[in-house]
Amino acid sequence: MTAHLVFVDRPTRWAWAEIDLTALSHNVRVLRDRTAPADLWAVVKADGYGHGAVAVARTALDHGAAGLCVALVTEGVQLREAGITAPILLLSEPPPEQFETALRARLLPSVYSPDGLRALAAAARRVGTDAEFHLKIDTGMQRVGVRVDDLDALLDLVAEIGEPLRLTGVSSHLATADEPELATTAEQNAIFTAAVRRCESHRIAAGRRLLVHLGNSAAALAHPATHHHMVRSGISLYGVAPGPAIADRTGDLRPVLSLHARVSYVKPVRAGSSISYGHTHRFAHDTRVATIPIGYADGVRRQLSAVGGSVLIGGRRRRIVGVVTMDQLMVDIGDDDIAVGDPVVLIGRQHAEEITAAEIAERLATIPYEVLCSISSRIERVIRA
Ligand SMILES: *Cc1c(COP(=O)(O)O)cnc(C)c1O
């Protein structure tokens, strides 16, 4: 199991992350405004994208989120153990042997396979409860979800199994919502809408209102037609655009996480000398170098130096020199007046300068989701309310 994040008032290391819950509550309100009258469900999988699932969940619920979404049964159980009573949706079908734990924790599973339906029903009989679930339909993502061609057979199976199964929602997931110019989202929405109608008209749904949901953050921001009854929003809650093509539609969302350190060592280096493992960087001039006690085991990627990565010290960008090591990295500080203990920002704002998760993601040819989720449990989190 993944290690849980550690929350502290004062970090024990000269490297830590700060979680701004005021920014988060602001973002929840902004997104609620964008998605209303549809409900907003906060996606807090992967320990709230590295922000801390429990703290994020509480803040989101306090500011109007109607429910929570997680990927894993253990993630849902963690929220229940923290005393959270709001609805919690499992975004994917759990392994069959996990349904019982899921039901005991009152998690709402997404199901889309015959074996999943049977395992859910069997678990519900053992636990002695109803088995509410959402049916997930594949409308083009091709990751998980019942294929549209197999939908009627699966609905018939739900009817055949009968009690204790109780279909209460229908969902799907968008593949390209972060690229608003593509027609794919509208096509997926049309396929989904038709499939929902088939679910609603099946006898298992007779007379009941199903909770219908398709959209993620990108859909919340750029595709109102996909909102249906609720939107599952993750990355934008954390104040980060789902992709560069809709960065201009994020309005005034505010980044929730910032990554900080302090300078641990400063020394002069000679022209012609080299630095870090493999001596990949050679200094052209005499200069000074500051060491920062954070490395790839903390989630700062090893190749960040090779792609022009930098940190902020004294309100200015300082290039990373040499490969990032497991626990430390080095930056060129020239003749500037920088000393041991000086504050360093790796993600966030310092004076007029800012380094965003999106900028780091672009350098590393990835997405900001991965940058945030990579910040490891070795980095203590400090909550700023
Ligand atoms: C992760 C996930 C989301 C949230 O996506 P964001 O882009 O972070 O808003 C929504 N739905 C499903 C099925 C997911 O897996």
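Predicted model: local features only at pLDDT ≥ 70, side-chain atom pairs only at ≥ 80, totals over all residues.
Visitor: How many aromatic pairs does a search of the whole structure find, and which class does the pair of Tyr-49 and Tyr-238 belong to?

Guide: The search of the whole structure finds two aromatic pairs. In the pair of Tyr-49 and Tyr-238, the ring centres are 4.7 Å apart and the planes stand at 25 degrees. Planes under 30 degrees apart count as stacked, so the class of this pair is stacked.

Visitor: How many residues apart are Tyr-49 and Tyr-238?

Guide: Tyr-49 lies in helix H2, residues 45-50. Tyr-238 lies in the loop between strand S10 (230-233) and strand S11 (257-262). The pair thus links distant parts of the chain, and its separation is 189 residues.

Visitor: At what angle do the planes of Tyr-49 and Tyr-369 stand, and in which helix is Tyr-369?

Guide: This aromatic pair is tilted, with 6.1 Å from centre to centre and 35 degrees between the planes. Tyr-49 in helix H2 is 320 residues apart from Tyr-369, which is in helix H11.

Visitor: What is the relative accessible area of Tyr-49, and what is that of Tyr-369?

Guide: Tyr-49 is buried, at 6%. Tyr-369 is partly exposed, and its relative accessible area is 25%.

Key. Residues numbered from 1 in each chain as written. Heavy atoms only, no water. Phe/Tyr/Trp six-rings, centres within 6.5 Å; stacked < 30°, edge-to-face > 60°. Helix = DSSP H or I, 4+ residues; strand = E, 2+ residues; numbered from the N terminus. Buried < 20%, exposed > 50% of the residue type's maximum accessible area, 1.4 Å probe, protein only.
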